[in-house]
Amino acid sequence: MSAPHLDVEQVEAANTAFYEAMERGDFETVSSLWLVPADLGVDEEYHDPADAGVISCVHPGWPVLTGRGEVLRSYALIMANTDYIQFFLTDVHVSVTGDTAVVTCTENILSGGPAPEGDEELGPLVGQLVVATNVFRRTGQGWKLWSHHASPVLTETDGDDDGGGADGDSTPA
């Protein structure tokens, strides 16, 4: 077993590599950063990896995705439909226990879609605040993602439609 501070550094590096690969739209690297069933001792010859539910992912507003096929398809879809994405990670906390690590962080996301017809520039950029939990597992090839769960953070303006007046009174005007 390696030193605890080295484990934390390696998990931080794996977490950073995941987000950087997403920013580049590098599907091969994103795929390589996720566990394969064999990493957890699941014999793929006798178990369908898609049914094994070895890995899981929850994107904001999506249902739970389980199995390598479903999870990686979701990333392929996101990358295919996002022309620009950048993650500014804050509040990063890494906890390592044995061969399992948990990373919690805030994803400050800036993204843009396709340009409007005939325009060469990106469509409007949109900012989003998301909290995420990434669970990693130590393998012979380094730390790999086991689960990713992301949830949007509601801002004050998201919940302000309470029907109240300017003084906070909920009586209709």
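Trainee: In which strand is Ser111 found?

Mentor: A strand is a DSSP run of E with at least two residues, while a helix is a run of H or I with at least four; both are numbered from the N terminus. Ser111 sits in strand S4. This is a predicted model, where local features need pLDDT of at least 70 and side-chain atom pairs count only at pLDDT 80 or more, while totals for chains, interfaces and linings use all residues. Residues are numbered from 1 along each chain as its sequence is written, and side-chain values use heavy atoms, with hydrogens and water left out.

Trainee: Does Ser111 count as buried, exposed or partly exposed?

Mentor: Look at relative accessible area, computed with a 1.4 Å probe on protein chains only: buried is under 20%, exposed is over 50%, and partly exposed lies in between. Ser111 counts as partly exposed because its relative accessibility is 21%.

Trainee: Which residues does Ser111 touch?

Mentor: Contact means heavy atoms within 4.5 Å. Leaving out residues up to four places away in sequence, Ser111 touches Thr82, Tyr84, Ile85, Pro124, Leu125 and Val126. Take Ile85: it is 26 residues from Ser111 along the chain, yet their C-alpha atoms are separated by 4.2 Å.

Trainee: What is the bridge partner of Ser111 in S5?

Mentor: Two strands pair if DSSP finds at least two bridges between them. The partner of Ser111 is Val126. S4 and S5 pair in the antiparallel sense, over 13 bridges. S5 also pairs with S6, again antiparallel, over ten bridges. There, Val135 has Ser147 as its bridge partner in S6. S5 and S6 form a hairpin, with two residues between them.

Trainee: Where is Thr82 found?

Mentor: Thr82 lies in the loop between H4 and S3. Thr82 counts as partly exposed because its relative accessibility is 23%. Beyond its neighbours within four places in sequence, Thr82 is in contact with Ser111 and Gly112. Its side chain reaches the backbone oxygen of Ile78 at 2.8 Å. Glu23 is 59 residues from Thr82 in sequence, and their C-alpha atoms are 9.7 Å apart in space.

Trainee: With which side chain does the side chain of Thr106 make a polar contact?

Mentor: A polar contact is a pair of N or O atoms within 3.5 Å; within protein, one must be able to donate a hydrogen and the other to accept it, and residues adjacent in sequence count only if both atoms are side-chain atoms. The side chain of Thr106 makes one with the side chain of Asp91, at 3.1 Å. Thr106 is in strand S4. Thr106 counts as buried because its relative accessibility is 10%. Asp91 is in strand S3. Asp91 counts as exposed because its relative accessibility is 60%. Phi of Asp91 is near 55 degrees, a positive value in a residue other than glycine.

Trainee: Which residues lie nearest the centre of the largest pocket?

Mentor: Rolling a probe the size of a water molecule over the atoms shows where empty space is left. A pocket is an open set of points on a 1 Å grid over the protein atoms alone, where a 1.4 Å probe fits, with protein on both sides within 12 Å along at least five of seven lines; lining residues have an atom within 4 Å of a point. Here 19 residues line the largest pocket, and His59, Pro60, Ile78, Ile85 and Ile109 lie nearest its centre. Strands S3, S4, S5 and S6 are among the elements that each supply at least two lining residues.
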